[in-house]
Amino acid sequence: MAVRLRFPHLFHLLLGVGLLQGLVFAQGLNSPAPKAISDLKDAIVKVLGFQSEDLKVSGFDVRDALVGQTVAYEFDIEIGNKKYPFKLLEDVNRWEYVDLPIFRVEESAAQNGLAKTGESSDELMPVLAPFQLAGPMELWIQDGDDMRVSIPHDVDAGVVKKVMLAEGTTVTVKGARSVSLRHPLDLPLPLNQTHKSGNLASGLLTLADHLHLASLSQQMPLLSLRIVGPTSLASPSSSPSKLKLKRLAPGLVELSKTSPTTPAIPIGAEDEHTILTPDRFTTLWPLASINGSNPNLQGFEKLLYSVLGDKAKKAGSFRLVKAEVSAQTSVKMGFRVERSIKDGEMDWSGFPEWKTKPETMKMYFEVLGKVEGNKVIPERVMEVPDPVQVEDSVATNLLTGNQTMSTLPIVHPPANYFTL
């Protein structure tokens, strides 16, 4: 007997939807990986030092990528003829699932087998928290074409490329992506000094005051910093006096106080009648917004003492070759490394005979990288335990020695009087 469909159009519709879903799923499996992921794989292979041709790195899933904002500190210190590079990262306060543009693949790019590149987003350009700088010093502005200058009201300064801060001038910098030292600095030793007034500053505060003294006396070139991408320079709201702006040349301005200021008295140059201001032993010049009790500052001072050793207490000097503080986007992802097991590489003495010996070795890692432009640069690769715990299941006859149920002893469990 022939069966006649009562809803032929509905059947065709469901069939079309099913075929469409299958096509989309197949395209998703065969879609090319973003170029940022492929570049990250190549960089990880170099970091781990794998040379095997049968190596397979997989498991990258951009949907599981965790994104966070952090601050990186990079310092290069030269002691004698040796250079010591340091890189410190603040802990990420919050990890989030963020759809980064570098992990997207456009339809047109997928058809050509290329990942989407060249897209910039604010997610890829984190900024530092607002901070204050005190003169005398010079600031070189990079990528700050739209930077505002408020002293305290906005002034039309044009495109500012360089700012000269006079002594006694303090400005608040907002929206900066990084701050770096433009020229190396020679710093004196020993770190700690005892003063006639009985005040004792920490090692970093002593160095900061020495730099301030050298800048005032012109014993060294003016301290010069490069700031990338600031959105505004403004006089602090707590400052009682206003600043004045003077145009020295196209793109070059000078900021100074409207009232004359008294130069700071350097540590070690006081006499008995000198009255020391408390902020000289709590503020790290030229970073006026950083207090000497800052935990990060104290941690770096301990690190500096450990590197200098006995030289920290003796007369001499060392050179600060590089100093940079930058905000960066961090990405954390898991991946899997799989390679073939060679003959004689594994010890199978404790391996059960009934198990099939694996032919490949799988290792699981987690990579922590930073986003630079359209790339993810790995900074730390850590091996993690296998996220999937495999449990063996054994048939009952193997556990009981292939006995029948009639030969097994009868066990009566204790009665439970609360059972109905």
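Tutor: Let's begin with E138, which is buried at a relative accessible area of 12%. Keep in mind that this is a predicted model.
Student: OK, which residue does E138 form a salt bridge with?
Tutor: R182, with the closest N and O atoms 3.7 Å apart. E138 is in strand 5, while R182 is in the loop between strand 10 (178-181) and strand 11 (185-189), 44 residues apart.
Student: And R182, how accessible is that?
Tutor: R182 has 26% relative accessibility, so it counts as partly exposed.
Student: Is E74 buried or partly exposed?
Tutor: Buried, because its relative accessibility is 17% and the cut-off is under 20%. K322, at 30%, is partly exposed.
Student: What about K87 and E379, how far apart are the closest N and O atoms?
Tutor: 2.5 Å. K87 is in strand 3 and E379 in strand 20, 292 residues apart. K87 is partly exposed at 37%, and E379 is partly exposed too, at 28%.
Student: How many salt bridges does the count come to?
Tutor: 13.
Student: Switching topic: how many helices and strands are there?
Tutor: Six helices and 20 strands in the protein chain. Of its 420 residues, 34% are buried.

Definitions and conventions
Residues are numbered from 1 along each chain as its sequence is written. This is a predicted model: local features need pLDDT of at least 70, side-chain atom pairs count only at pLDDT 80 or more; totals for chains, interfaces and linings use all residues. Side-chain values use heavy atoms; hydrogens and water are left out. Helices (H or I, at least four residues) and strands (E, at least two) are DSSP runs, numbered from the N terminus. Buried means under 20% relative accessible area, exposed over 50%, partly exposed in between (1.4 Å probe, protein chains only). A salt bridge is a side-chain nitrogen of Lys or Arg within 4 Å of a carboxyl oxygen of Asp or Glu.
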